[in-house]
Structure formats: C-alpha cells, structure tokens
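Have a look at the model, then go through the points in order.

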2 protein chains.
Amino acid sequence: MAYYKDIREYIKALEERELLWRIKTAVKKETELSPMVRWQFRGLTEDQRRAFLFENVIDSKGHKYDVPVLVGALAGSKKIYATGLQCKPEEIQKKWDQAQHKPIPPKLVKDGPVHEVIMMGKELKEEGLDRFPFAVDIPGFEGILRTTSSHFFSKDPETGVGNIGCYSSYVIARDRMAIGIGPVMHMRTNWQKAKEMGLPFLPAALVPSMVPAVCYTSVARIPYGTDELEISGGLAGEPIEMVKCKTVDIEVPATAEIVIEGKVSTSMEMNNTGAFGEYTGYMAEPIPCLIFDITCITHRRNPILMNIISQMPPSESSKIRQLAYEGVWYNFLKRDCGINSVLDVAFHEISGSCYYCVIQMKKRHPAEAWQALNAAVAHASFVGKFFITVDEDIDPRDPESVNWALCFRTQPHLDTRITMGKTASLDPSAAPPTAPWSEKNYPSPRGCSALLIDATRKWDYPSVSLPKREYMERARELWEAEGLPALKPRVPWFGYKLGHWPKEYEEAAESVIKGEIYQLGERVYQQRRQI
Amino acid sequence: MAYYKDIREYIKALEERELLWRIKTAVKKETELSPMVRWQFRGLTEDQRRAFLFENVIDSKGHKYDVPVLVGALAGSKKIYATGLQCKPEEIQKKWDQAQHKPIPPKLVKDGPVHEVIMMGKELKEEGLDRFPFAVDIPGFEGILRTTSSHFFSKDPETGVGNIGCYSSYVIARDRMAIGIGPVMHMRTNWQKAKEMGLPFLPAALVPSMVPAVCYTSVARIPYGTDELEISGGLAGEPIEMVKCKTVDIEVPATAEIVIEGKVSTSMEMNNTGAFGEYTGYMAEPIPCLIFDITCITHRRNPILMNIISQMPPSESSKIRQLAYEGVWYNFLKRDCGINSVLDVAFHEISGSCYYCVIQMKKRHPAEAWQALNAAVAHASFVGKFFITVDEDIDPRDPESVNWALCFRTQPHLDTRITMGKTASLDPSAAPPTAPWSEKNYPSPRGCSALLIDATRKWDYPSVSLPKREYMERARELWEAEGLPALKPRVPWFGYKLGHWPKEYEEAAESVIKGEIYQLGERVYQQRRQI
C-alpha cells in the first residue's frame, strides 16, 4: 500500500477507522478549541481518543476562518500514531527500526500543490498569519500565542544537510514570529554556524501540516548530520516528494498544506512575554527567543491547519515522546549495552514520558538489573528521575502492576540507590522559580538526582495467589454465558509459579480439586503434636 | 431506618441497588465459583463490581448443595461496604468514628432463628460440614480446603469479655477444623490464657454468615479488651441480638445463618498441609494451626453460606483492610500526633492495603511532611514499605497522580530517606522461602526497611499547564452537546495557581484571550536586543 499522498488521504484513513470526530459547531480558537480536545486526555481512556477536525473555527472577535483545524491527529493515541505509520500499534517499534536501517532519500520535484496559493509583499504584511486560526493551547495561563505544530526546516550552512525540528514558536506580528530553541537543538547548531560564518540570517521554513511520517521524524531525536527526511522516507516506505521554497533555499514537502518561509536573524534576539505550558504539567517562564521574519507564505487551496495538543501529560506530545524514548532506550540497553535480557522499556506519560522509566527484563544473572539501571540513567543527563527494573510477569506500563512489584519485590535499603548529576529539563523541583536559570537547570554543586530501584525478584518465590489459568479461563466462559459486563483483564489474572513450588504442594492442590479434603485432613491430623 | 435484621434483608438491599448478581447456573465449588468472582477484581472497574449469590452450587463429584453461597457481599467495592453500613461511601469514616465513640452493648435474647436446625452426635459425625459448600479460593494452588468467612467468637477466660476475629481456618474432617491464628491475635491471647489456667480447651463458635456490621468489626483491629459486639452495635445504631450457643458458653447473633460450635484444644497443635493464598499476591507456606473439634452445628432453615474473596489484591479482604487502616492512620496522624494539616490517608490496595501509603496534606510548615512520614512508619512495625506525602491537589488514591508528584515535586537525594526495623508480615522479599521463619519475619540484624518520600512542593510553583477551569467547563458543555463519549474527569482537569504567578503573567494571559496578540508581540519585539 502506498503511503498517504497528503493529510487529506490520512484524514480519510482516520475516519474509516473511527478515529476522527468532525466538529461542525462554531468553536472559538482562543478559549474553546484546545480545552475541548484536552478533555479527552483528562476524561477518556486512551483507546477512546480520536483526532478532531474543527470545520468552523471563529475567534473571540467573531471572525470566522475558512481554514479548518486538525488536532490530535499525530498521536492522540497509540492507535492513531500507528495509523499514521500504516502499521499495527505493536509494530511501531519495528517501523522505526526499519526506517533507521533503511533510510530513503527524498525526491525533488518541480512543483506541488503547496504552491497553489502564494502570499507575499503587501498581502503578507496586511493579512499574513491572520489567515490561519492558530489556537490558544492553555487559555487563562498562556501569555503569548504559541504555535505547537511548528516543524521547522533548515540546513547546515556548511554541509547543506537538511534538518527538521519541532520548536515552540510564537506569533508576534502578521509577518513575524519568535522561536524558542534550546541550546543543544540541531536548528540552534545550524543558526550558530550561520552566525559564525557571518551570515545575517539562517533561512528556514515552518510547515504546520504535512504527512505524519515527516512530522514524526521532526519530533524524534535523530542524530545531527542525518537528514530527517531520509528517515521520513524510511517510515513511509517511499521517497518524500519535495519542492523548493519561493524565497529561501529550503525544500519542503510538495503536498504540505501550509509553508511559512522566512529568515532567522543572527544578530538580534528577544524574550517572549508570557509564560507557556510545558510537558511537566506546569507553566514555564519566558525564555530568550530567536526572531523569524516571514518572507512568504504558500499554501494549498482550502488548506488545513494542524495543531498538536501538548503540555500536561498525557497529551499528544507525551505520546510522541514516549514512543520515541522507549525505542531509543530499548535499543541502547539491548544493543549498545548488550543487556539481552531487557524485554521492554516503558516511559510513563504522567512523567512527561521523561522522568518515570520502567525496564522489564527476564534476568539471566542478578547483576543485569543494576547494569540496566546504571546504563539507563547514564544515557541522557536530562532524562529520568525514577528508573525501575521489573520481572517479565510485571506490566511495565500499568502503574499498579509496577507498585505491586515495588511493594513485594524490594527492600529499600538493599534495592535502591540515588545518583547525582542529572540536569533539570524544566523540572520545577530543581530550584525555586526566582532562582537564576543555571540553578534551575543544574542546582549547584551536584545537579539533580535520580532514584534507581531494582524491583525484580532476588530469589524464587511461591506462586501467585490466583486460581490457575485453566480455572480462570473456564470461569470466563461462565462469566460470559451469564451476560455479565465485558471484562478487561489486567495482569496477573491467573496464578503462576515463580520457582518455589515443591511437589507436595502440587499434589495437595490436586487433591483439593478432586474433593479429597478429608484424606488430606486426616493425614495432617495424624501428625498433630503435643504443644 | 432500622438496621438489617439478617443477611436476607441485606441481600434485598443489595439487589435493590443493583449490587448483586444471582447465578442460577450450576457452578462447581472447587474450580468455578471463586474464579468467577475473582474475574471482577481482575477485569472490571471497582464501580462495576457486585456481590454474587450462587444458588446452584455443585461439587467435583456432582453433588448438588441445598445451600446457596454469597460472595463479595461485605466489601466487593466501597459502595457495597457502604450499603452494609447503610451510609454513603464518603460517610464510612464517620460511621466508624461514631461506633467507636458511642458503642452499643449487645442484647441477650432467649431464642433466635439460628437455632431452627440443630445438628449433633451421629448426624454431626456423618454429615457435619458436608452440608455446606465451602468453596476453594485458589484452585490449582491451595493445598487444603480453607474457609474465608471465618468469624470466630471466643471469650477472655478470665474476664469473660467477648472477642470476634476472622482467622483462616481449614476443613480437615466433617467435625473438625484447623485454625491459623498469628501470635499477636486476640483469640490467641484468649487461648493462651485458657492454657495457662489449665483448661483443656477454649470454647469457640465459628459464624460464617451474619449481618455486615458484625463481620466488619470482626476484621477490624479493635483494641484487646473491647467487646467487638459493642462496636458492631455502634455501627448498626442498635444492639445486636444474641443467643447462647447450645454446647459452649458463647453467645452468637440470633439471626446468624450458620453457627459451628466447638472446642479449641490447648494441648495439641498441627500443621496444615498445603500452601494457602495470601494478601501479598503470593501463596504462603504451611503454618502451625490450632485444632477445633466441633461439638454442634446450628443453622436457620434454608441457610446461606457467606464467602469472602481474598488474596491477590484488589480483593474483598484488601478493601476491608484498606478502609480500616485508612481510618486508623488518619486518626493517629491527625489526632494522636496532632498533625492537623493531614487531609487524607490512602493505602493502595495493590500493596495488600498495607505497603503503599500516601498521605495527603495541606502543609502549614515544611516540617509537617516529615513529621507525618516518621509518625506513619512508626505506627505499626508490620505496616508500610512506601510512605509518600503529597499536596492537597494530588489525588492520593490515583497512582498516576501520585507518580506525577513523585516526578516533579521531589529530588531523591533531598526528599527520600530509608528507615529500618520493619517486620515482614508475609512479604516474600524479606528472605528466601527456605529461610527459617524468624528470618522471614525479621531478617537479621536490622529487619526490613521502608522508604519515606516527601513529594510535596518545597516552594511556590508556576501554574499547572491546563486551561483555566472556566474554559474547561465551557468545553465540557460543547463536548456534551456534540454527543461525544461520557467523560470521567481525573484530577487535575483544569489549570490552577501554585503560588508563583506574577501580575504580568496574568495580564498577558488575559490579552491573549482577547486576541490582542499583535499588541503583545509588538511590545516584546520593541525590547529585542543585539546578541
């Protein structure tokens, strides 16, 4: 099956799978649009979530936009993300593996629908970004209009290698935006090089809406020097078709909905004014930003604007990060560190898919649990505050299952250790809000800390105290025959052995099933003794 | 409203509230009955759970019993427990307070329905316990027939003060049982006194089925020397009517369904043969037991047998323990220790309602969080491995909400401490299964450990990154008008302030709502600076 030609085909695919709601009611972009989508992250289960297509967007002054807004379509749930990759949810990891091992370079084409409409000069100055209903993400707290689906295309000015990255950006005029790019981000490196080379600006293009395969690589952490578009091609299974921008030396997907071309100044910077929401679940404070002067906007006829719902987890951004980090850490532990007993890595979304990481393993040697913990905490200084190893029978994604392991498979004085030297990555527990930025990022003198917990079994255990599998299965038949409510089984849902189960226990259990309780009783009674 | 006269009235009340399923299909007591009820604890949400009345119980040899079995009727869910106390779920704590402060002594009556049928002598020897379909709780692993709804009535042989306790007991003959009673249990104290006084036995009566108010006090930890029945009366709001047993000097509820009278030998003991399920989620190994020789069985016409579903949490027993411990710890911290800022105490069921305890507080002084942690871990040596304090905006019962606090409100090196000297209480992580009992209970030389975590905020935080409440409420109206799936909101579902929110942030957020984004943008752009 060919990959989606554009997001219009993708929207159709979501709709066919009952993964999209069309909202025809008039909805305000400042106060109603994002809160409505937000509800599904605070009030539905993940498998109930869908993408939203708002077809009738208005603003607080009553203006009606022609442009519909698509939200939650990239990663509203794992099922949606899998649809974006044309695979099953359990195949996402494999898709990423394949894309990284078999990248497919993009293909330059002469023209594409993204150039159907071109806005420059006076029109850009007078209308510009007004044409698109960028929605307020956190109404009541966000102090500047932030765009969330902000995939920036730029190039290394030395080598010409392309880069795509999703950076938070802010609308400050009809033809001007601010961009917040952290110090280790790749577009910052490109910008730094341009500055060092004495260039007055770094050319760039912001593409809010394009096929998912390109969006996904934009938010993944692909090593600097690898063109993200080759990975996108690998994900799509075919080259991404690109066209040259009209005013800057940048290529963008030919079927993108909207492209905002411009120049990032290398001589001036500014602060944004207002606080903005962050993945930690708390607002972050104004940060220094680069200035992006728009030179041209191109778009398709009847363009569709895409929005990513982020901040307080779970959200679309925590789902995207989760799937990326889980893949990266799994590969690092299993392949780079050679800890073959690792079965799964789960970053819990409530931690912003960053601070609570559970590593499931089938230990072959007791040392492997600590090897995994030490390696996992070392992989990136800004990722992870709680690292927990669990056995193969624990569901690393179910917080109750993990807590069960914590309670009955650890002794805190023997199975936990604290390590230092972590960076804070916007964590408000690092330092008070009024502290200098350096303290907030790395409180002196030793930085932030992480807690490592080995919650695997240290020896054989008696069996789990639930009926054997065959009896639970038979009971489920009876349950269903009675028409009782639909079951959603959680592990463990049957008893199983954990190493310590002597033959005499097995035999006694068989006798009980056969109803031979008085024979059992007589035998023990005969062995009674004087106290 | 008068309290339930007997469990028949109570069953009616459950049925009226749609909290009971009647199962008319033939169900095997060895392999089908408990697994069927078990499913609702591994496959439904708590508010979906109900009590089960099995009306057609058979055994593995095809025998059909006249006696129906009631399961999950005491504490299948908090709603069921509240029905047993004739109150709302949120009033349970108040009910217990009232019962302890205003106990009502029981009333002795001449006769009661419990004596409608009397079985002694030859009939007891030849039929005895066979009359009742005691179900196997963990088929495939349990190595002896264990009864779970085993409320034993006994008396202090010196003072005559009554005691009720729920102890695991085992059917070893038609007229004989074994009872496992731990060293610090009250019936063990009565038995010890009888032995010291040279009495050949301690008289006792086992009552599997009676009104919930009496069952609940049986499993609570009422101080020794207080007659549990006075607390039961306090819970019921009226005296419990009692009758004298036929063959032992013990009183039992006049409307109980079944009473098993007998004598606990003070000279002989035995082991049970088989492993049995425990609250930790693992099987426990054979333990020494006392011997209970049955002298008489009395019951009502058409008696109903009650069963408590326990072991792997969540279960009926973890719910009963949870509600009791939460009340006890709350009172201890708030009243006995005077930590007035404590708002709630939550024992998580997955920890057997024993090892994972979250204390919610609205701190007035930073020291209070550690005072609460230190007091909570000290209250009972066998309770608690993880103690966590959280702020008032965290749901202490939602593991994700607690994990959110752990991730962004702690620095492990500053906010966690390990303490020693805990006893193990069947925790398989304490020592290998083959270790001596003393090591399993208190590994030498310092016992087990607990981890204390202060996950409250240490300073003011920026606001939570969710839309303000008013916008989420408006969005919910839109959501419902669109006919989208029913929402089950989880906290936090709106953004709120956490102390650090300067006036200029507030003002900027208001401007954004009004759509004044270019004015905001212009202001910050004017303050741009040379890099």
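1. The side chains of Ser169(A) and Ser150(A) are joined by a polar contact of 3.1 Å. Ser169(A) has another such partner: its side chain makes a polar contact of 2.7 Å with the side chain of Thr147(A). Keep in mind that this is a predicted model.

2. Where does Ser169(A) sit? You'll find Ser169(A) in strand β11 of chain A, which covers residues 168-173. Its relative accessibility is 0%, so Ser169(A) counts as buried. Leaving aside residues up to four places away in sequence, Ser169(A) touches several others, among them Leu145(A), Phe152(A), Met177(A), Ile179(A) and Leu206(A).

3. Now for how the two chains meet. Chain B has 149 residues in contact with 149 residues of chain A. Between them, about 13600 Å² of area is buried, and carbon and sulfur atoms give 68% of that.

4. Take a look at Glu269(B) and Arg529(A), which form a salt bridge with their closest N and O atoms 3.1 Å apart.

5. How many aromatic pairs are there over all chains? The structure holds 50 of them. In one, the ring centres of Trp21(A) and Trp479(B) are 6.0 Å apart with the planes at 75°, so this pair is edge-to-face. Trp21(A) belongs to strand β1 (residues 20-23) of chain A and Trp479(B) to helix α14 (residues 469-481) of chain B, so the pair joins two chains. Are these two residues buried or exposed? Both Trp21(A) and Trp479(B) are buried.

6. Compare that with Phe152(B) and Tyr167(B), a tilted pair with 6.4 Å from centre to centre and 35° between the planes. Phe152(B) is in strand β9 (residues 151-155) of chain B, while Tyr167(B) is in the loop between β10 (162-166) and β11 (168-173) of chain B, so the pair ties together parts 15 residues apart in sequence. Phe152(B) and Tyr167(B) are both buried.

7. Some aromatics group together: Tyr279(A), Tyr282(A), Tyr355(A), Trp404(B), Phe408(B) and Tyr461(B) make up one aromatic cluster.

8. Last, check the arginines over rings. Arg176(A) lies over the face of Tyr525(B), 3.7 Å from the ring centre. Arg409(A) lies over the face of Trp404(A), at 5.4 Å from the ring centre.

How values were computed. Residues numbered from 1 in each chain as written. Chains lettered and ligands numbered in written order. Predicted model: local features only at pLDDT ≥ 70, side-chain atom pairs only at ≥ 80, totals over all residues. Heavy atoms only, no water. Phe/Tyr/Trp six-rings, centres within 6.5 Å; stacked < 30°, edge-to-face > 60°. Helix = DSSP H or I, 4+ residues; strand = E, 2+ residues; numbered from the N terminus. Buried < 20%, exposed > 50% of the residue type's maximum accessible area, 1.4 Å probe, protein only. Lys NZ or Arg CZ within 6 Å of the ring centre and 35° of its normal. Contact = heavy atoms within 4.5 Å. Buried area = accessible area lost by both parts, 1.4 Å probe. Salt bridge = Lys/Arg side-chain N within 4 Å of Asp/Glu carboxyl O. Polar contact = N/O pair within 3.5 Å; in protein donor to acceptor, adjacent residues only side chain to side chain.
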